[in-house]
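Let's take a walk through a protein model together. Keep the picture open and turn it around as you read.

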Amino acid sequence: MIDLRLLRDDPDRVRASQQARGEDPHAVDVLLAADERRRAAVSRADSLRAEQKAFGRAMQAASVDERATLRARGGELSAEVKLAEAEQSAADEALRPARLAVPNVIEHGAPAGGEDDFVVLETVGEIPTYDGWSPRDHLELGELLGAIDVDRAAKVSGARFYFLTGVGALLELALVNLAVAQAVAVGFIPVIPPVLVRPEAMEGTGFLGAHAAEVYRLEADDRYLVGTSEVPLAAYHAGEVLDAARLPLRYCGFSPCFRREAGSYGKDTRGIIRVHQFDKVEMFSFCRPEEAAVEHRRLLAWERQFLGALELPYRVIDVAAGDLGSSAARKFDCEAWVPTQERYREVTSTSNCTDFQARRLGIRMRTAEGVRPLATLNGTLCAVPRFIVALLENHQQPDGAVRVPAALRPWLGGREVLEPAG
RNA sequence: GGAGGCUUCGCCUAGUCCGGUCUAUGGCGCCGCACUGCUAAUGCGGUUUGGGUUAAUCCCCAUCCCGGGUUCAAAUCCCGGAGCCUCCGCCA
């Protein structure tokens, strides 16, 4: 939710942001008008209420006889107040959608344009080469290792589901352990959150807007299955005022994630790149807005540390304004090399939501100067299936075995290589 | 699934039966000032949050879990909902 004061004080900045996102700058003027109407309505209702209160005091002081005659005037006033309040709530009502229509103001430096207008910030690691043999894709490798079973998953649950079995299951646990250990080592509070949440949590984090079709809803109970633990982690402090001295407050959530993948028919149908359910280790930070940009770089650095520990080749992109989503002011994605696709694929993503998400969730901080919204940021540490894809494909050997990077070995009982099952 | 209780400005709490200076009591905590070799103790004052207005102050409005209703007037009365707790039943 955008700061209306910023909007009033500097509408051009908001218009420029809209332009960079490829969205309608006119939405800014619609919002300004709605804000104006609301303020007028509030002023009017406020003064009428003041009058009514004064009348109430007179009524109290009046004798029984006087009260009878005064009562008529009281009725009139009451009706006027009711009318003014109706206009006030109508104006409030009208403001809401106008406000939701304006996404977060982009951070200075974010590239303008759409999905393809990202800027590559850095490319890290060597792309593997294959002399005289062709690499197998992750599904073939997973089947050879007895690690991934999508056929039986289709039987049990349908398309875009998978069983991780044997070393596949162990691999997930190892990845999660490594990720959580890394996060805890730098001070994150580990969290296992609920993944079935109320509409307010979903709405507050911005997932019921343009991406509403992406989320699973449990009709009978009016609950949603989260697509990321960002939702419960952000909503964890909803409606609270945090002591600014305790910031940044960093949480690392481990949870299943559920995605309907509506509208992605035909995309990534093979293997486990795009699935309806997966586990993920997610970083989440509450910090002072002034520190948000720096904190964002820290989250990116921790993502890169994890990719580095797994010895994966990857690149970092600065996502273009039009591809940010409504809450993010800036977003960096890390994309790991996928040998059989001969391209980089997103494995992590970190967003700086500034105070936009916090405002909607009512999360504020108390500083010496007073209370104001804080900033929220999130970043993937390990989205399990995609990391398994990258790991299997990049570290495969000609015989279908997969080398285990040193950092992961302690979590796999010291195993250095995953061998194809008999 | 059933029965009952609770929810007040950071925390605890008075007030709710019987509507009106509730413009919400007191304690703790916190902030400021005074006093004091220092600290502590003590005294005095301040301390919900959001909005409107303003250059800023002042001032005004809302806010007693949330949403409706009754009334000239609601923390207080009525209806609906949420959360928490206790007990019974069922269940890993």
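What follows goes from the overall build to the RNA, then to some strands and a cavity.

First, some ground rules: this is a predicted model, where local features need pLDDT of at least 70 and side-chain atom pairs count only at pLDDT 80 or more, while totals for chains, interfaces and linings use all residues. Residues are numbered from 1 along each chain as its sequence is written, chains are lettered from A and ligands numbered from 1 in the order in which they are written, and side-chain values use heavy atoms, with hydrogens and water left out.

Start with chain A as a whole. Its C-alpha atoms fill a box of roughly 105 × 45 × 45 Å, taken along the principal axes. Its secondary structure comes to 12 helices and 18 strands; here helices (H or I, at least four residues) and strands (E, at least two) are DSSP runs, numbered from the N terminus. Of the 422 residues, 47% count as buried, where buried means under 20% relative accessible area, exposed over 50% and partly exposed in between (1.4 Å probe, protein chains only).

Now find RNA strand B. It has 26 residues around it, and the closest are S43, D46, Q60, R198 and R364; a residue is near a strand if one of its heavy atoms lies within 4 Å of it. Which part of the RNA faces the protein? Of the RNA atoms within 4 Å of the protein, 79% belong to sugar or phosphate and the rest to bases. You can pick out some polar contacts here (pairs of N or O atoms within 3.5 Å). The side chain of R8 has an N or O atom 3.1 Å from a phosphate oxygen of RNA strand B, and a polar side-chain atom of K53 lies 3.0 Å from a phosphate oxygen too. With R49, the partner is a sugar or linking oxygen, 2.9 Å away. The elements giving two or more residues to this surface are α1 (4-9), α3 (26-61), α4 (64-100) and β14 (364-367), and α3 gives the most, with 14 residues. By class, the surface has five nonpolar, seven polar and 14 charged residues. Ala, Val, Leu, Ile, Met, Phe, Trp, Tyr, Cys and Pro count as nonpolar, Asp, Glu, Lys and Arg as charged, and the others, Gly among them, as polar.

Let's stay with β14. Side chains in a regular strand alternate between the two faces of the sheet. In β14, M365 and T367 make up a covered face, and R364 and R366 an uncovered one. Two strands pair if DSSP finds at least two bridges between them. Strand β8 (residues 241-243) runs parallel to β14, joined by three bridges, with V241 opposite R364. Strand β15 (residues 370-373) runs antiparallel to β14, with four bridges, and a hairpin joins these two through two residues.

Elsewhere there is an open sheet of three strands, in the order β5-β7-β6, with antiparallel pairing. Because β5 (196-197) and β6 (216-218) stand at the edges with a single partner strand each, one side of each is left without a neighbour in the sheet. V197 has Y224 in β7 as its bridge partner.

Last stop: the lining of the largest cavity. I273, A336, V338, R345, E346, V347, R386, V389 and A390 line it. On a 1 Å grid over the protein atoms alone, a cavity is a set of points where a 1.4 Å probe fits but cannot get out, and lining residues have an atom within 4 Å of a point. β12 (330-338), β13 (343-352) and α12 (384-394) each give two or more residues to this lining.

Technical notes:
1 Å grid on protein atoms, 1.4 Å probe; cavity = no way out; pocket = protein on both sides within 12 Å on 5 of 7 lines; lining within 4 Å. Polar contact = N/O pair within 3.5 Å; in protein donor to acceptor, adjacent residues only side chain to side chain.
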